[in-house]
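The following questions and answers work through one protein model step by step. Please keep the sequence and the structure in view while reading.

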Amino acid sequence: MKVTVPPPATFRPFEKKSIEQSIAACFESQVQQTPGRLAIKTETAALTYQQLNDRANQIAHTILEKAGREGKVVALLFEPTIAFVTALFGVLKAGKAFVPIDPSYPQARASYLLQDSLAELILTNHKNFPTAQTYQTDKIQIINVEDEVQGKSAKDLSLPISPDAPAYLIYTSGSTGKPKGVLQNQRNILHYVMTYTNATKICMDDRLSLFGSLSHAAGISDIFRAMLKGAAIFPFNLKLLGLTRLERWLIEEGITIFHSIPTVFRHFVDNLEGDENFPKIRLIHLGGEAVSTADVERYRKRFSDNCILLNNLSSTEVSIYRQFFVNKQIELETNVVPVGYPVQDKEIILVDENDRTVPPSEVGEIVVKSPYLAVAYWQRPALTKQAFPQVANEPTMRLYHTGDLGRLQPDGSLVYLGRKDSRVKIRGFRIEIAEVEATLAQYKLVKETAVITHTPAVGDKQLIAYVVPYAGQKPTTEALVHFMRTALPEYMVPAQFIFLDKLPQNANGKIDRLALSKLPLAQTEKNEAFAAPTTEHEATLVAIWEEVLGVKPIGIYDNFFTLGGHSLLATLVFAQIDKRIMQGLPITLLFQYPTIAQLAEAIERQRPSDSWSALVPIKEGGGRPPFYCVHGGAGHVFNHQKLADYLADDQPFYGVQPPNWTGHRVESPRVEALAERYVAEIRQFQPEGPYYLGGFCYGGMVAYEMAWQLQKAGQQVALLALIEPSPLDSRESLMIQHQNGVGLQVDSLPTFGLDKNLPKLIVGKVRHIALQSRQRLARLYQIAKKSVFSFYLASGAPVLRQHRDYYLMKFVTRQSRLRYRPSGTFQGKIDMFVVERSRLTNQSLGWDKAAAEGVYLCQFSTDHLGVLQEPYVREVAAALQRRLDEVQQEERPFSPSSSSQICKHL
């Protein structure tokens, strides 16, 4: 039985004639029809179609001013945000093509994409501007769409753009060991939107989820099929927010079309606890990897009778070319879920190894015949000609050999049977095994390597790398993981590395991959420090990891990521932790504490207890004296990890954070009192100096007070390093608060769902004070304490508990730092690691008056938070390490010269 989607009342077909225009013209037509309707919404902001169009026009005008009207490629460096969507349409309105680049890509990969695409312009936002600067050259300009487009015209440009004009360049994993760009034109994309929206009946009342990476075709397609039909798109960051937030988000936002890879879908459904059936979701679209009959059963069990499931087959070169709809009544005839029936204007042919059509019901390679295939492989004419041959006597038709195997059923439905070659899909991403092997072979200790896929009894398909090292030079698994992560995206890093003396070969002298697949995974390198769990939490975490990762046994010192863990599995781990141990823990804990032992200890520290320590051992061991770094205004030291990682291997690093902060206290902690508590903790751990102290933001102020208290007690402070400290100069403090936005935390309440639990009147009152009366911070704190958080605490919403603590800490530390006045003068020189601020008259932020011997000023061209983030955290760590080396080598107490010193990192 062939299932079709019933059309909603407001559905209007996408007519074939509409593909003979530009995407910009199609979008502007939609804006005219629905100017005031919601177009896009995140947890922090929303735009109507008219607002989105106006911003895109401003960006387009800015692009033309910078790059002229010649057809150039523009790179988009964003996460899935509103800024990305406005930039995307801005590029298309300017008549240019875009290439999306994921900010999480390793620098080597991103640099290659920029170079290969010939991009002459990068569009980005405040958050990713420092990263964009690392790629800037004489040939590449940068536009910050949150800054440089202000004041530009918001009128439509109405440029004459042909349907044949390039629209985007998407890079896929390359069989030659390098990614290759797939070029699509405007007509092909509009044809895809036509076939998809007409089949799924997308209308202006629909609300579409957006989970996919915007550096891949799936995420881009979600945007087009929503924006060109008057629907709304809702980005959701799975890596940051996790699966536990997803259920509530789907309900609150009224999502009607849920699109994800099957892996995300099954993990989400398997972790649902209530009996919610999501009545507003009318379509679940699963694509990117194989759908199982178990997935169909998950859909039938957890979703309403009005919901329909879509399975499809697609590729970047072809877009969707088969669709299969499932409802609650249909009976599947086999254990394999078909990928379905033809879509308009795309015919398939199944061929054997000699390119001959196979008989009915036999397996063959899927070849797609259509006039709407990808235009070309970017800058690879020979490969394009080979991959997209013309059809004889049909000048508009071309062919594309997908490399997928399939079989046609008697009713014309296609069953997908896997890959023909070494191309695989992991978590929905297409990967060329050759690229992974070529990268791994570059490691200096690797002689030979081969990579295959493995599907464990529990868990998702993984990459397994077999490595033959040079004699006597066997690398560690940790070293290989680190190397691969610097060159490839996370999903392309093998889950396991197995070391062999030689690779098996077949009779032709080629690597015998079948023989590799039969080798036991027990040959993988074992952790010699394997240890079984000794506590209840450790035992529970081991059970969770073994279940999620499909690896047994796991010791408490095994690293989650070395075992094959990735961000998607991390969300599943924390969903289980929410159930079995404690709710509300941030996923980032796993990245800070990647072993069972560390994570269990971190969870213990989350429990309210008078025995908590203020010292957090971020990096232990080594022969140097420890460096103690105090938390910023948020009250935690999670953001200190990268700084610790980039210091010398033998440099111990201890974060210092409030030992008992639960959020239930609302009194403002005094800097002097915190410093006294922290000094007592440090002296209990290290009774005598010299001490090496530091602090970030608010923590710089606390570290200064600690240093003074230690000197007063007769102890030596050899180094006092203030990293982007809060200013002592009250005038400069107000200027920086104005630049950074005092109301930032209040404006971002919706990010954490707090706006759902607060009266609009209270939120509005707080926001008004934050934005309009920046000098009245004490009043802002009182309003927050008496109304916002008292309401929150009374509401008792458990999902927000961690964010309650965060915001309370931000408010009270802001108040305490405004009240602080130094207890005395530090007898020595202060090392300051700060960003350049051209508008300030006192670059040392007033701290030069608080040190007997002035300051050593080291400046960086980034922003306040950027000093602890890539790429600048490497430079900050290098500068800090140099100062530690200099001071630790001195046999006498630290006593630098009194001359002013400035070190700039541009």
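Two strands pair if DSSP finds at least two bridges between them. The model discussed here is predicted.

Q: In which sense do E28 and strand E29 pair, and over how many bridges?
A: Pairing of two strands requires at least two bridges between them. Strand E29 covers residues 653–656, and four bridges join E28 to E29. One facing couple is tyrosine 628 opposite tyrosine 654 in E29. The sense is parallel, and the number of bridges is four.

Q: Which residue in E30 is the bridge partner of valine 630?
A: E28 also pairs with E30, in the parallel sense and over four bridges. Within E30, the bridge partner of valine 630 is glycine 695.

Q: Which residues of strand E28 lie on each side, and are they buried or exposed?
A: In a regular strand the side chains alternate between the two faces of the sheet. Strand E28 runs over residues 627–630, with Phe627 and Cys629 on one side and Tyr628 and Val630 on the other. Both faces are covered, and these four residues are all buried.

Q: Why does cysteine 629 count as buried?
A: A residue is buried when its relative accessible area is under 20%. Cysteine 629 counts as buried because its relative accessible area is 1%.

Q: How many disulfides does the model contain?
A: A disulfide is a covalent bond between the sulfur atoms of two cysteines. The rule applied here asks for a pair of cysteine sulfur atoms within 2.5 Å. By this rule, the count of disulfides is zero.

Q: Which elements do the buried residues of H1 pack against?
A: Helix H1 comprises residues 23–33, and its buried residues are Ile23, Ala24, Cys26, Phe27, Glu28, Gln30 and Val31. Their packing partners include one strand, E7 (166–172).

Q: Is phenylalanine 278 buried or exposed?
A: Phenylalanine 278 lies in the loop between helix H10 (262–270) and strand E12 (283–286). Its phi is near 50°, a positive value in a residue other than glycine. With a relative accessible area of 3%, phenylalanine 278 is buried.

Q: How does the accessibility of glutamine 379 class this residue?
A: Glutamine 379 has a positive phi of about 60° although it is not a glycine. Its place is the loop between strand E18 (376–377) and helix H12 (381–387). Because its relative accessibility is 47%, glutamine 379 counts as partly exposed.

Q: What is the arrangement of the aromatic pair of phenylalanine 236 and tryptophan 249?
A: A pair of aromatic rings is described by the distance of the centres and the angle of the planes. For phenylalanine 236 and tryptophan 249, the centres are 4.7 Å apart and the planes make 45°. Both residues are buried. The pair is tilted.

Q: Which residues form one aromatic cluster?
A: The structure holds 24 aromatic pairs. Phenylalanine 236 and tryptophan 249 both belong to the cluster. The members are Phe211, Phe236, Trp249, Phe258, Phe265, Phe268, Phe278 and Phe303.

Q: Where does proline 690 lie?
A: The peptide bond from glycine 689 to proline 690 is cis, with omega near 10°. Proline 690 lies in the loop between helix H21 (671–685) and strand E30 (691–696).

Key
Residues are numbered from 1 along each chain as its sequence is written. This is a predicted model: local features need pLDDT of at least 70, side-chain atom pairs count only at pLDDT 80 or more; totals for chains, interfaces and linings use all residues. Side-chain values use heavy atoms; hydrogens and water are left out. Buried means under 20% relative accessible area, exposed over 50%, partly exposed in between (1.4 Å probe, protein chains only). Helices (H or I, at least four residues) and strands (E, at least two) are DSSP runs, numbered from the N terminus. Contact means heavy atoms within 4.5 Å. Rings of Phe, Tyr and Trp (its six-membered ring) pair if their centres lie within 6.5 Å; planes under 30 degrees apart count as stacked, over 60 as edge-to-face and the rest as tilted.
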